[in-house]
Amino acid sequence: PVPISQEPTAPPSWTEPAELQKMLAEVAEMTRENRKMTQTMSSQEAAKKRQQMRRERNRDNRKRSLNLLHWWFERMITTPAPLREKMTLFWHDHFATSIQKVKQPAFMFQQNELLRSNSFGNFRELTQKIASDPAMMIYLDTANSNKANPNENFARELLELFTLGEGHYTEKDIREAARAFTGYRLRRLTGRIQAMPTQHDFGAKTFLGETGKFTGPDIIEIIFRNPRPAHFIAEKLWAFFVNDRPETDAEAVESLASVILENNYEIKPALAAMFC
């Protein structure tokens, strides 16, 4: 009932768009200055200077990470819209990432806001958005995947943990999906996603029985043409809110999956059906 913008617990000041841009610009400028400085140093001195810079950056990131964590905890406790925060937590667990690998608090905040703003939205659309989320691209390595060496981490998690579950795909499906997610690059100082055609595999791929020159978004659309994601997310919702052994409530879970399918993967009607 309360717009996100009117929540009583405001995000840390450094998360404001203008502040984020300023922070990223300062990091970029510092990187350039240190690069110039190290050109006149011996290899040993340059290595020491780069190590010092990494320590300073890691210290600042740790401070912001704790700041962000405290903000979210306080928000969950004080929010007048607890179900929205509960669903944000649900999606954070479902599309799991970690600051330990991402290392950039700004990207973790951006992802947290993405999950919150889509907390009652469409499962298929959120999956598309999370595929190009900077934190996810770093965490599951699509930011470094190319046609010569497709990284399978995101493709595997997409099928196993995000949409279908074990037993509903093959190892070949994972390899073909990984080819489709090649050639996307993340500019880590800006968070901008850039398509690199020379690094993308434009060849034909066969995935879940369909063949074509698929891109990453195509793969997700094919997945959601299958009814299985509705059952998969229904089981997870039921386990999260009702019974952590959803297999013992098979009929109720099946009914919930039907609601999700009937509403084209919209989550809000499923929550209404589950709670009412």
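K103 sits in the loop that links α4 (99-102) to α5 (105-117). Its backbone is worth a look: phi is about 70°, a positive value, even though K103 is not a glycine. Keep in mind that this is a predicted model.

**Positive phi in loops**
- As background, most residues other than glycine have a negative phi.
- You'll find Y265 in the loop between α12 (250-262) and α13 (268-275).
- Y265 counts as buried because its relative accessibility is 3%, and the cut-off for buried is under 20%.

**A buried aspartate**
- D133 is in the loop between α6 (123-131) and α7 (134-139).
- D133 is buried but has no salt bridge.
- Leaving aside residues up to four places away in sequence, D133 touches Q110, Q111 and L114.

**Helices α2 and α3**
- Helix α2 (residues 43-78) and helix α3 (residues 82-94) have axes that come within 9 Å and cross at roughly 135°.
- That makes α2 and α3 oblique to each other, because angles have to be over 145 degrees to count as roughly antiparallel.
- On the α2 side, the contact uses W72, R75 and M76; on the α3 side, they meet E85, T88, L89 and H92.
- By type, the residues of this α2–α3 contact split into three nonpolar, two polar and two charged.

Methods
Residues are numbered from 1 along each chain as its sequence is written. This is a predicted model: local features need pLDDT of at least 70, side-chain atom pairs count only at pLDDT 80 or more; totals for chains, interfaces and linings use all residues. Side-chain values use heavy atoms; hydrogens and water are left out. Axes are lines fitted to C-alpha atoms, for helices over the stretch in contact, and angles run from 0 to 180 degrees between N-to-C directions. Helices (H or I, at least four residues) and strands (E, at least two) are DSSP runs, numbered from the N terminus. Angles under 35 degrees count as roughly parallel, over 145 as roughly antiparallel, 65 to 115 as roughly perpendicular and the rest as oblique. Contact means heavy atoms within 4.5 Å. Ala, Val, Leu, Ile, Met, Phe, Trp, Tyr, Cys and Pro count as nonpolar, Asp, Glu, Lys and Arg as charged, and the others, Gly among them, as polar. Buried means under 20% relative accessible area, exposed over 50%, partly exposed in between (1.4 Å probe, protein chains only). Lys and Arg count as positive and Asp and Glu as negative; His and the chain ends are not counted. A salt bridge is a side-chain nitrogen of Lys or Arg within 4 Å of a carboxyl oxygen of Asp or Glu.
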